[in-house]
Amino acid sequence: MKRKITIGGIGSVLLGDDGVGPYVAGMLEAGYKFDENVTVADLGTPGLDLLAHLSGTDALILIDSVSNGAPPGTVTLYRKEDILRHGPAPVRMDPHSPVLSESLLIAELAGEGPQDILLIGITGEQYEVGAGLSEPARKAAAQAVVEILAELDRLDTSHSKLSTQPFSAWWKPMAEALPVAGPAETLAPALTGR
Amino acid sequence: MSKRITIDPITRIEGHLRIDVEVENYAVGNAWASCTMWRGIETILRGRDPRDAWMFTQRFCGVCTTVHAMASVRAVEDALKLPVPANAQYIRNLILIAHALHDHIVHFYQLSALDWVDILQIPKADPAAASKLAETISPWTRNSRNELKAAQDKVKAVAASGQLGIFQNGYWGHPAMRLSPEVNLLAFTHYVQALEYQRKALQVVGMLGSKTPHIQNLLVGGVANAIDLDNQSALNMEKLEMIHTLLDEVVTFINQVYLIDVCAVAAMYPEWFKIGSGVTNYLAVPDLPLDSEAHGYDLPGGVIMHGDLAGVHGFATASDPIFRQSVTEDVTHAYYQGDKPLHPWEGETEPDFTQWDGEKKYSWVKSPRYNGQPMQVGPLAQVLIGYAQGHALTKKYADLALGQVSAIGKINATPALLHSTLGRHAARAIRAAMLGELAQKHWGLLVDNIAKGDLTVHNEPVFPYGEVEGVGTHEAPRGTLSHWIVIKGGKIKNYQAVVPSTWNASPRDESGAHGPYEASLLRTPLARPEEPLEVLRTVHSFDPCMACACHTFDPTGRQIARVKVL
């Protein structure tokens, strides 16, 4: 049986470069076809709900914005030992804490964690509400895709390119956005009399 | 001499709950709850198409995704007076229930059980004795000696490795930890099993919503699920049967494990029925509409003031006129501009950041008030409001749970004990059991309605040129959620989300009244102030969730929580 591979983009699409993980997931979904053992997901900011995506996964590839002091747009690769080096956060107040290491430790405890982990970290430039991606993050996203395809080759699974259209994220800033639900054909004279 | 303790998980940009308490003579004398990040995310919605709003609001919070999506479509539907087809109501209800079951299970086991369970006691347990003990309180088939032994071995292996891993930061051996090694082992075994069952609940969300964590099937006016019992790509009988099976398994876990564990832990820490009551004004909204026009609901809502169950006021609908009129948000102690409480439709979110000052402004959370009063929301509010109104399903499981606590603890557990830290945990388990029964019911309602030949899932929204306003409510896992929308000419003019944790984590208001977290901490005894386990027990009992999620992984390990004693 082929090993199950999960590719997950992590981050909030509402907060500038924090949306780079979901953006990369969107690029992969729109642009590529993968083998059946590969799942691509926009995981948002899952907290401990990340656990649900770890179980049964043999190899995990995550894309997330990172804070590592490097210049914006830097792509850094982390493996399991880098992620677990510092352990879980000392005090857990709510389910939102960044819990990558904690989720991995719990999954491991339950005997169902992935053996192979690659975290593709992209150093963000800004995290402004509604700002969309900065130019450095956008360039880094393209580089992240290259890294992911290389990792898939290493994991011995195939992929093919579906589309060369640039990916367009639904959460783009207002100025660049078209209505997601389609043209506003529903705007009609007042019906309710209010 | 009083000591000041700050519990503040520090991260670079993520918003967090911070708790400050003043300790005098080993008890909390005063308390402040703060959120450390601006949550003005609503501003992103202004000018957008109301039909898209739910996709954005679903991203407010990575854990409460579906709840914000649901409240948003309901707000637009309320503004347009747009009915939702019965099928869509049932499909939405099933998603909401499955999400809540997942959330409640994770909250108890993964997020708060280790406040009560001492991992270091587990290696001392006798698995055979633990199994025998379990047999006396539950028919659960996975309490065998072998299953318990396997769980114990996991803990032993972690301990032997010298790296405590996931357990490295607990307050193990704390004098407030009092369970026997065998009960610790049972609870830990269920902690591991819970991972499986919470996942099954999420699978149901994924099957109906087409993806998790962000469902894709919502539309203003209904859902996008095609129903065709014989079509492989639609919602068909095979998928419905699979959903039924998954729900059955989750419901069995809740009734035979979760509810029993909460009762057992409660029975062994009975003093915690007297700690942590705080604000005893309660608010819940009706939810799980029973038909297209929502003529009835399976979860009751209403208001209880000052703990007076006999004086309960019930809400007839999910956007009850009294509820619509009574909510305001105060910013006296929050980092926002403004000099008077505002109704959410007039709500403003203009930041005014100053340094943390317990006398002045100290939180990014506003103070929602109901007729000017702080309100506690969450499963406890819902259970008490249902119980006070004689709601049959609420009474069934509340009485069952109180009976279990009485039997195990050899005490007389009455509903009055529920105004407490343990009451919040018990109410959450009671609510989970209620939701489990309702999951099966709403599955049946959906299947019966489809069998009648009704395949409608969507009513098309039509927007007037003028201005309309609406409120969408949902009784979410953490309590009453309301999204308030003003639509003008088919575009969003204003949008405010009043989230459960804003009610509960609110700072003081203009009259100086504490918010529910703050009030619940007053007089809490602390055995070791430098290890404020008791504070965490009470705060965790609310299931805090600061709804300002932004997760940036920091590989340098600077996500360090601080427990600072001044």
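Which residues in helix 7 of chain B meet which residues in helix 10 of chain B? The first close-up has the answer. This is a predicted model, where local features need pLDDT of at least 70 and side-chain atom pairs count only at pLDDT 80 or more, while totals for chains, interfaces and linings use all residues. Residues are numbered from 1 along each chain as its sequence is written, with chains lettered from A and ligands numbered from 1 in the order in which they are written.

**View 1. Helix 7 against helix 10 in chain B.** L259(B), I260(B), C263(B), A264(B), A266(B), A267(B) and M268(B) of helix 7 meet A401(B), Q404(B), V405(B), I408(B) and G409(B) of helix 10 (contact: C-beta atoms, placed from the backbone, within 7 Å). By class, that is 10 nonpolar, two polar and no charged residues (Ala, Val, Leu, Ile, Met, Phe, Trp, Tyr, Cys and Pro are nonpolar, Asp, Glu, Lys and Arg charged, the others, Gly among them, polar). Helix 7 (residues 237-268) and helix 10 (residues 392-409) of chain B pack at about 45 degrees, axes 8 Å apart (axes are lines fitted to C-alpha atoms, for helices over the stretch in contact; angles run from 0 to 180 degrees between N-to-C directions). Helices here are DSSP runs of H or I with at least four residues, and strands are E runs of at least two, numbered from the N terminus.

**View 2. Helix 3 against helix 7 in chain B.** L101(B), I105(B) and F108(B) from helix 3 meet V250(B), I254(B), Y258(B) and V262(B) from helix 7. This contact divides into seven nonpolar, no polar and no charged residues. The axes of helix 3 (residues 86-112) and helix 7 of chain B come within 12 Å and cross at roughly 35 degrees.

**View 3. A hairpin in chain B.** Strand 13 and strand 14 of chain B form a hairpin, with two residues between them. Strand 13 (residues 467-476) and strand 14 (residues 479-488) run antiparallel, joined by 10 bridges (strands pair if DSSP finds at least two bridges between them). Look for T473(B), whose bridge partner in strand 14 is S482(B).

**View 4. An open sheet in chain A.** Five strands line up in the order 3-1-4-6-5, with mixed pairing. The edges are strand 3 (38-44) and strand 5 (75-79) of chain A, each pairing on one side only. Strand 1 (residues 5-10) and strand 3 of chain A pair in the parallel sense over six bridges, and I5(A) has V38(A) as its bridge partner in strand 3.

Methods:
Two residues are in contact if their C-beta atoms, placed from the backbone, lie within 7 Å.
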